[in-house]
Amino acid sequence: MNIRKSMILFWVSIPLLMVAQEKAKGYELWYGQPASKWMEALPVGNGRLGAMVFGDPNHERIQLNEDSMWSGAADWGDAVGSPEDLAEIRELLKAGKNHMVDSLIVARFSHKTILRSHQTMGDLYIDFQQDRKFENYRRSLSLDDAIAYTDYVSGSNAFNQKVFASHPDDVLVIELETTDAKGMDLTLRMDRPEDAGRKTVTLSNPTPSEISMKGTVTQYGGKKDSKPFPIDYGVEFETRLKVVHDQGTVTPQSGKLVLKGVKKARLFIVANTSYYHGNQFVERNEETLSKVLARDFNQLVGAHKKDYHQFYGRMTLDLGGEEQRKLPTDQRLERFRTGKEDTDLAALLFQYGRYLLISSSRPGTNPANLQGIWNEHIEAPWNADYHLNINLQMNYWPAEVTNLSELHMPFFEFMDRVLERGKNTAKQQYGIDRGTMAHHATDLWAPPFMRAEQAYWGAWIHGGGWTGQHYWEHYRFTQDKEFLKNRAYPILKGLSEFYLDWLIWDKKSGKWVSAPETSPENSYIAEDGKSAAVSLGSAMGHQIISEVFDNTMEAAKILEIDDDFVKEVSAKREKLHPGVLVGDDGRILEWNEPYEEPEKGHRHMSHLYALHPGDAITVENREAFDAAQKTIDFRLQHGGAGTGWSRAWMINFNARLLDSISATKNIRKFFEISIADNLFDEHPPFQIDGNFGYTAGVAELLLQSHEGFLRILPALPTPWESGSITGLKARGNVEVDVVWQEGVLTRLTLKSPEKTSLKIKYADHEAEVQLSANQKITFDTSLKQLN
């Protein structure tokens, strides 16, 4: 390279290096090369609208998503089967004919249809005129401002790209800029994958600087009973791209845009669907786009950052190790996998989980699905739908404790719809005239019905019951009595009503028992030595029913309700079969009988629901507490927690068991086998629940409040020797800041919006404290008040 060119590169590189150094002060993911595959791309989102950014300087791909891209409609009914079918199945169970029941429950009650898949909205491709050599490359995602950056030098010129999804302006923004006086020559095009060989979109240029991509979400590759079952209707949509540039030309060309000599180009992408706007979705795009174009660009960026930061900025986490930020994220991850410590990477992944929830769940949107909103498929793994046997719930575990309560609302809005339809399921399918329920999985259209091709993974009735916990926990964290009265209590009452009429009397135990039952996705060895799924009672079923009854009664007490219904719940709860039974080997039984399992290391640990996310198993109940630990040990000895979300659940179990050593091991294992280069969790394949479960687990290691008091640093991992966290939320609507050094608490700060009293515990110290409204109170190592 000649001296002149070298000097030019030097001076051009200085601002890029300054930008990199400035960004390194906060949490970010960054890489020294473009993404070569989807699981290396970086996600942006505004709750509804999202994108995956690859950062390719020559042939950029920005994969697009919108949360209502589903086939079909709410037209498949709510139930299959009849109360007579239920009665027959129960008699067969009592007679010990488990295998017959496994077949019959599917034949009589299951729709056995695909649950329609969430689908990609398509792709934007940015093709430069010729492949260019580039250097000083840096691709990053700032968690501080929710912007994806791509910076590089080509020839003697700097190039940069910024991508963000604005919630206040409801637009995806891409800015391309260069120092090259000649500008950039490139082509913009959009497309969407075919659906079973069929084209899914039409492309046009509504104006000389726009691309319109219109289509209908279909699913021709669907199957029913393993036979073709095409869905030729669904959500209609338009994705509209608008280019604004400062020099050069933009020319439309058969649904594409050709840009010549532009120094700066700003691409604005709006997208809307018939799900949200009926047949007015195109007009909605035009309205949104006109408002965006009327705004100053700096105001647009500022509004985006302000909106995002109102959520993200509520919490900080510092675990030390900032010196590792000078390394690219993929190198840090590989380094961690070889045994080197990186506490700052653990903190980065924690904040990344919060970033992903902010980006995929906002009031007014659909809830985060199995992949959040980021999905490149027409038929996604497990349909990227809403699984109610842990996955959707795990997505929202961090919502309350990491100070993002408002982001829980899409969950409630969605489950309100599911459980409204579940009233029909209860009546038509099971002959229960009051109350509501939901099964194993659902989708955008909120069906509550059973979908199972095999009993062990679909014939489960507690999807509604588990989600009821979230309504109650939202109240416990926020103390929002209006929410309790108008939202939570009606749901809890409906769930309790269903269970009151669902339970049957078991003469053998002298208890009320739930039947037919399964333990999600697991099976047991029946008396004939063969695997079976359906049983007379299960641990998880009874734990959930117990919890629903208890939460309903506690909510009624707060609301000063003492009617015949509450008395009925109390009476049945008293004689409900216990959900936590310790077997002769010291482990918690997964079913009512001590069955052997064909898969001893099963990924689900359903019989530990009462430990987490429930709260019935605590250290005060020593027998159950120790049995839970033995149950976990047994699972892990046989290869359990192999999937990403399962390992994340294990970290939460470790926290509840006050086991920092095991938590340390499982955090390391999570990074070793379950985290992709872009820090997405892998089942495998990608499932976002593991990201959210990890973030919740970290919070649980540092603060617990489920026992009726605040337990500070209950299971601090050994490598996190010194650190601090601010903005954690405890039940009772208390905000908590913690500082520790050399593994010992040095400062605890509490703040409540209302005057309140509470109990706090740290190590061997206990204190009863009084908090005044909106006044921070600080304590030392021994919980002595300092101000």
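In strand β15, Glu 236 is the bridge partner of Thr 216, and β12 and β15 (residues 236-245) pair in the antiparallel sense over seven bridges. Helices (H or I, at least four residues) and strands (E, at least two) are DSSP runs, numbered from the N terminus, and two strands pair if DSSP finds at least two bridges between them. This is a predicted model, in which local features need pLDDT of at least 70 and side-chain atom pairs count only at pLDDT 80 or more, while totals for chains, interfaces and linings use all residues. Residues are numbered from 1 along each chain as its sequence is written, and side-chain values use heavy atoms, with hydrogens and water left out.

**Around β12**

- Strand β12 (residues 210-216) is mostly covered, with five of its seven residues buried; buried means under 20% relative accessible area, exposed over 50% and partly exposed in between (1.4 Å probe, protein chains only).
- On its other pairing, β12 runs antiparallel to β11, and four bridges join them.

**The nine-strand sheet**

- β12 and β15 belong to an open sheet of nine strands with antiparallel pairing, in the order β1-β6-β7-β8-β9-β18-β15-β12-β11.
- Its edge strands, β1 (28-31) and β11 (201-204), each pair on one side only.
- On average, neighbouring strands here are turned by 15 degrees against each other, direction ignored; axes are lines fitted to C-alpha atoms, for helices over the stretch in contact, and angles run from 0 to 180 degrees between N-to-C directions.
- Strands β9 (residues 171-178) and β18 (residues 264-273) run antiparallel and are joined by six bridges, and Leu 176 has Ala 265 of β18 as its bridge partner.
- Helix α6 (residues 297-312) lies across β7 (147-154), β8 (157-166), β9 and β18, at about 55 degrees to β8.

**Strand β17 and its partners**

- Which strand has five of its seven residues buried? Strand β17 (residues 256-262) does, and is mostly covered.
- Four bridges link β17 to strand β10 (residues 184-191) in an antiparallel arrangement, with Met 184 partnered by Val 262 of β17.
- Strand β16 (residues 249-253) also pairs with β17 in the antiparallel sense, over five bridges, and Thr 251 stands opposite Val 258.
- The hairpin of β16 and β17 has two residues between the strands, and Ser 254 in the turn has a positive phi of about 50 degrees.

**The five-strand sheet**

- A further open sheet has five strands in the order β19-β28-β29-β30-β33, again with antiparallel pairing.
- β19 (316-318) and β33 (777-779) stand at the edges with a single partner strand each, so one side of each has no neighbour in the sheet.
- From one strand to the next, the twist averages 20 degrees.
- Seven bridges join β29 (residues 734-741) to β30 (residues 744-751), which run antiparallel; Asp 737 stands opposite Thr 749 in β30.
- Helix α20 (residues 689-702) packs on this sheet, touching β19, β28 (723-730) and β29, and its direction makes about 100 degrees with that of β28; contact means heavy atoms within 4.5 Å.

**Helices α2 and α3**

- The axes of α2 (residues 83-94) and α3 (residues 98-109) come within 9 Å and cross at roughly 170 degrees.
- The two helices are therefore roughly antiparallel to each other (angles under 35 degrees count as roughly parallel, over 145 as roughly antiparallel, 65 to 115 as roughly perpendicular and the rest as oblique).
- Residues making the contact include Leu 86, Ile 89 and Leu 93 of α2, and Val 101, Leu 104 and Phe 109 of α3.
- Phe 109 sits in α3 and counts as buried because its relative accessibility is 1%.
- Leaving aside neighbours within four places in sequence, the contacts of Phe 109 include Val 80, Asp 85, Tyr 430 and Met 450.
- The C-alpha atoms of Phe 109 and Gly 431 are separated by 13 Å, although the two residues are 322 apart along the chain.

**Aromatic residues**

- The structure holds 39 aromatic pairs; rings of Phe, Tyr and Trp (its six-membered ring) pair if their centres lie within 6.5 Å, and planes under 30 degrees apart count as stacked, over 60 as edge-to-face and the rest as tilted.
- Tyr 275 and Tyr 276 form an edge-to-face pair, because their ring centres are 5.1 Å apart and their planes are at 85 degrees.
- Tyr 275 counts as partly exposed at 25% relative accessibility, and Tyr 276 counts as partly exposed at 25%.
- One aromatic cluster is formed by Trp 38, Tyr 308, Tyr 312, Tyr 352, Tyr 355, Trp 374, Phe 680 and Phe 686.
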